[in-house]
Amino acid sequence: MSQVHVSTKINGDATEFLCEPEETLLDVLRDRLGMTGTKEGCGTGDCGACSVTLDGRLVCSCLVLGAEAEGREVGTIEGVADGEALHPLQKKFLEHAALQCGICTPGFLVAAKSLMEQNADPSEEEVRYWLAGNLCRCTGYDKIVRAVLDTAQEMRSA
Amino acid sequence: MPLDEQKDLEVRDFRIVGKRPLRPDGVDKVTGRARFGADMTAPGMLVGRVLRSPHAHARIRGIDTGKAEALAGVKAVITSADFGEVDDDLVDILVNCMAHEKALYDGHAVAAVAAISHAVARKALKLIEVDYELLPHVMDVDAAMQADAPVLHEDAADESVPDGMSKNVVRRHEFGHGDVETGFAAADKVLERSFKTEASHQGYIEPHACLASMGPDGQADLWVCTQGHYMVRNTCAGLLGMDASQLRVTASEIGGGFGGKTTVFIEPVALALSRKAGRPVKMTMSREEVFRASGPTSSSSIDVKIGMTSEGKITAGWAELRYQGGAFVGSPVEFGAMSAFAAYDLENVQTIGWDVVTNRPKQAAYRAPGAPMAAFAVESVVDELCKHFDLDPLQVRMKNASSEGSKASYGPTFSKIGLPTVLKAAKDHPHYSAPLGPNQGRGVAVGFWFNFGGETCVSLNVNVDGTIGLSVGTPDIGGSRASMCQMAAEELGVPYEKIRTIVADTASLGYNDVTDGSRVTFASGLATIHAARDAIQKLCGRAAQIWGIDEDAVIWEEGYAKPAGENAGSFEPLSLAEIAATAANTGGPIAGHTEVNADGAGQSFAVHLVDTEVDPETGAVKVLRYTVFQDAGKAVHPSYVEGQFQGGAVQGIGWALNEEYIYGEDGRLQNPGFLDYRVPVASDLPMIDTVIVEVPNPGHPYGVRGVGETSIVPPLAAIANSVSAAAGVRLTHLPMSPPRVLKAIKANGQG
Amino acid sequence: MVQVQIWGSLKAMTGGEGELQVEAKNIREMLDRLAEAYPRLKPQLARGVSVSVDGKIYRDAWFTPLKPDSEIVLLPRLSGG
Amino acid sequence: MRYEAPRTLDQAVELLSAESGLARVLAGGTDLLVQLRSERIEPDLIVDIKRIEGMHSITAERGGFRIGAAVSGAELGEHEGVTAHWPGVVEAANLIGSTQIQGRATMVGNLCNASPAADTVPALIAAEATAAVVGPNGRREMPVAEIATGPGQTSLAKGEIIESLFLPSRPERSGDAYLRFIPRTEMDIAVVGAAVSLTLDEAGRCSAARVALGAVAPRALLVADAAAALVGTTVDAAAQEEMGAACSAACQPIDDKRGTIEYRIDVAAVLGKRAAAIALKRAGGEQ
């Protein structure tokens, strides 16, 4: 079994790693790079806890091979805040109590940030459908949807 | 606290309790820094994996681990032979963690390996040879009660089960008072109906995960996502024959539990592997393993009979409940039987519960265990009777509601409870009178849960700079560290931000019961308040020393020690920080402690109101509007109280509409993943409106009642009542998946 | 003497009696006396019970005082999710 | 297992042809990685086709569109031309999975995974789409309907891959639509899928129609009787009713965790009718 050498960019940082051909990007992030902010909830693309962006597109990192990251740009939860400064979504999630246990939160934030970049003025329905691939079992989604709508409004008026 | 002090509770003006400060663990959780069960590593760590039975019921004639052990990179292989004798009360837990003579369900663990990588571990599992003798299996609760059903255990039934029943019937429970036949005779209408609910899973997004490390000296550490790390310690120590003191368990951040993380599955296996391999072992369940081999809740089969007068007075209530709890004793049927009629003040009530074993995974607690199915059945019949007499369903409930002084259906007399207030809040809400369109229906249902206190221990340390370190022993699943900080700040009179609450490991703090029974804000909160008062007493003592006056001439007000009383003298008040700064000079560190068995948890009631629309051609159900009304006693952090209401409602929506364990004829689980085990997604739902009712619990200094569980009790019934109204036919089998709804509509049309 | 109400299925262990009278000043004594007077209750008592005293539910508190007019109800051991 | 990401189609074909063990093509990976992870398959070779020139492109061709095998659902949905001409095909592709899945999943992958419940397949069949198959023996264009032969089975030979799909040009006054039934609003596999593509004459009568169903047979069905029920009518209620009955009659479903035989037969008619109504509107110029 020979490992694959991969050069990629993660949250803007040039990164190299070796991985097994069958290892997913999620495995690489968590087990090889120590970036455990990206969570595994199902391993089958059904829960969204492992959401990252790949060249700006929202994807489940459990459904991407590590080897596929060659030459690409990966964005993870660790890159959502700018140093000490939280992203407006992160602040709104805290203000709205849009998390309880917090395991789904990184995936929701990465997904919601991707929505904000596509659509500055989403309706409630658009938010709900965009986030339908992110499961939350604690909140019933109410406060999450409110936090995202409130962030969008604040970012528009900023 | 005597009941007559309640008035003080109601008028008390809180400074921080009842506000919505940001949670202390929030930034870690929105930045990905928070460390959950699977996020920990250790030097030299191995990967642990479990081999699971593909058969629902099979005798294990032998297990050959030789080839797996010989594979390069495999460091340990274990089977049940690697565990010794254990106490009687741990036998089922051990056999569930590692099958002994028989595999009892699809997914039952039969062996485990520790290896240097996932790839090696995967290969090793394939090299383990298990010689199974297949046995007939039984999955359904009613089928398992048949005299000729395949038998799981020869002697699991206790003295409560009458002779002559299937050996799969392992417990009988009965509750009630009065005489139901007399009650039925006084009714204008007696209605009897039968109901079924399928098994659902808690569906926490974080799979079980742990990191175990045991040295040759027998000392061990375990990092684990759990609702109760003391439970994990005591159980694992018992299973591995260790002293509890030798096993330190640290609770990681926990990615949801809802009752499902109140027992052990992989933890003793990881410890046994680590003991054998001499290296740390990390284990994580896959989602498929979580579904097949953790603890879903019971499926049920329930008969309900209720008598009502034409004015809507319930004259008698009777129910027989049959729950299968998987392959071992312990379905929550007694809680179903106790809670079924708890919302009603009845002269005549009787419930009978049967605990039944089947070839399914051993059930674990799930949020108000046993109560939602019972409420579904009872509230459906009450709804049908209201329709029969053309009575307002909320008025009928108000007419029959339990209140202070009612004899509960499970025995005791209720002290102060909030049900009448909650019902009134629902009746007065605009949702109740909003218009409905075609194919739409409104459902209402009441729910009850006992709540629980339990053993609790906290330590509150006053730091030299006047800040506070608060150690609790109850894992924080939904923001309880914020509530603890609020209650400590309220008592001490210091800012919320000056307090940091942590969940201490088992070596650092005394025993705490599991985070369950909606107990944490109540019990750890009560303990926190008392620990703060203990610290205040010591702070006052130090001030008295400094001033040279009697200790009882010092009072504590808004963060300051002040002289009080005629002979106290006149001194400048001393702040907490000032007293803390000189602690070394006045007697050493200042700390408050509480060790308590927190009794007096107050029951909580809820009313749920829901509108749905049914597509008569496909049976699809859309939830249009949902409002939760629930008594919180006192909402310490209202945002997280609302979150509990909303989360419980949505779990109930899932259970009512689409979530179910589906087994094939072969006894294998057909849908062990989030693709086909269909929990609600964001686009399925409307906003979940909430109304917090506060009727203080006399058993808590601030009036707090547990809120976490009650919220899942009414939704099954409320949605069933709503869908039945929208579809024009009574739905009696959950989940009300589109094929079931369409079938009922068609049958109704033909009938 | 205190009056103890038991739940329905335990009546099979007490010869059909649903309300039992024992001499006890606290929960521990009450449980001990019940076990003596009704030996067939022992297995359930050993598995654990909760006790409601005047509407307040106790799980393990042996020394909770009982008064002759206290409403005492035996319950299955409560837990939750 | 080996992972290869060739730069040309020829290299990809060569790698796949030369592999003596189990080889799999990786496009979006949303099915393949699930199979890998669950240990249902353990391939010896994975050929990632996403770095091959042209695999991501959508190009105009003969009045229609050629869609590269690695074009994701999201990319397809963002393409104004395809969305305007074949809204039913695009909505079928965009129904697959979540936003995250849309960022990866491809129509060709959906086709080659050969699930009877694949959403895009009925829509592509109704659209009379073809697939460009490239292999050791060259390139051929095949009707989409002939790719899947049964659950998980395709007619592709060893070493063959689908390079692109071709959606033909459409006459005036044409419309297509795809509807599926799922228990939730998202994240499910179709219990029934129904695609309708139709063309109206100047008088508003249906001059041509194709109706295809998914998840009601071992592979997607082209239902000629259902189409015949529409042709020559104004696609009025009576025609829709007859067309729905033909849909039900064509079903050969199974009972499984997602639905019953009875349910699938009933809902095939409902979705067929509803999809016809949408296609009719679109043919009439409404969106």
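Modeller: Contact here means heavy atoms within 4.5 Å. The model is a predicted one.

Colleague: How many residues does the contact take from chain A and from chain B?

Modeller: Chain A contributes 43 residues to this contact, and chain B contributes 54 residues.

Colleague: Which polar features cross between chain A and chain B?

Modeller: There are five salt bridges, and 21 residue pairs are in polar contact, both residues being at pLDDT 80 or more. One salt bridge joins K39(A) to D39(B), with 2.4 Å between the closest N and O atoms. The side of chain A that touches chain B comprises 20 nonpolar, nine polar and 14 charged residues.

Colleague: What is found between chain D and chain A?

Modeller: Here 28 residues of chain D meet 31 residues of chain A, and the buried area is about 2,300 Å², of which carbon and sulfur atoms give 58%. The salt bridges number four; R104(D) forms one with E68(A), the closest N and O atoms lying 2.9 Å apart. Ten residue pairs are in polar contact, both at pLDDT 80 or more.

Colleague: Which element gives the largest share of the side of chain D that touches chain A?

Modeller: That share, four residues, comes from α2(D). By class, this side of chain D divides into eleven nonpolar, eight polar and nine charged residues.

Definitions and conventions. Residues numbered from 1 in each chain as written. Chains lettered and ligands numbered in written order. Predicted model: local features only at pLDDT ≥ 70, side-chain atom pairs only at ≥ 80, totals over all residues. Heavy atoms only, no water. Salt bridge = Lys/Arg side-chain N within 4 Å of Asp/Glu carboxyl O. Polar contact = N/O pair within 3.5 Å; in protein donor to acceptor, adjacent residues only side chain to side chain. Nonpolar A, V, L, I, M, F, W, Y, C, P; charged D, E, K, R; others polar. Buried area = accessible area lost by both parts, 1.4 Å probe. Helix = DSSP H or I, 4+ residues; strand = E, 2+ residues; numbered from the N terminus.
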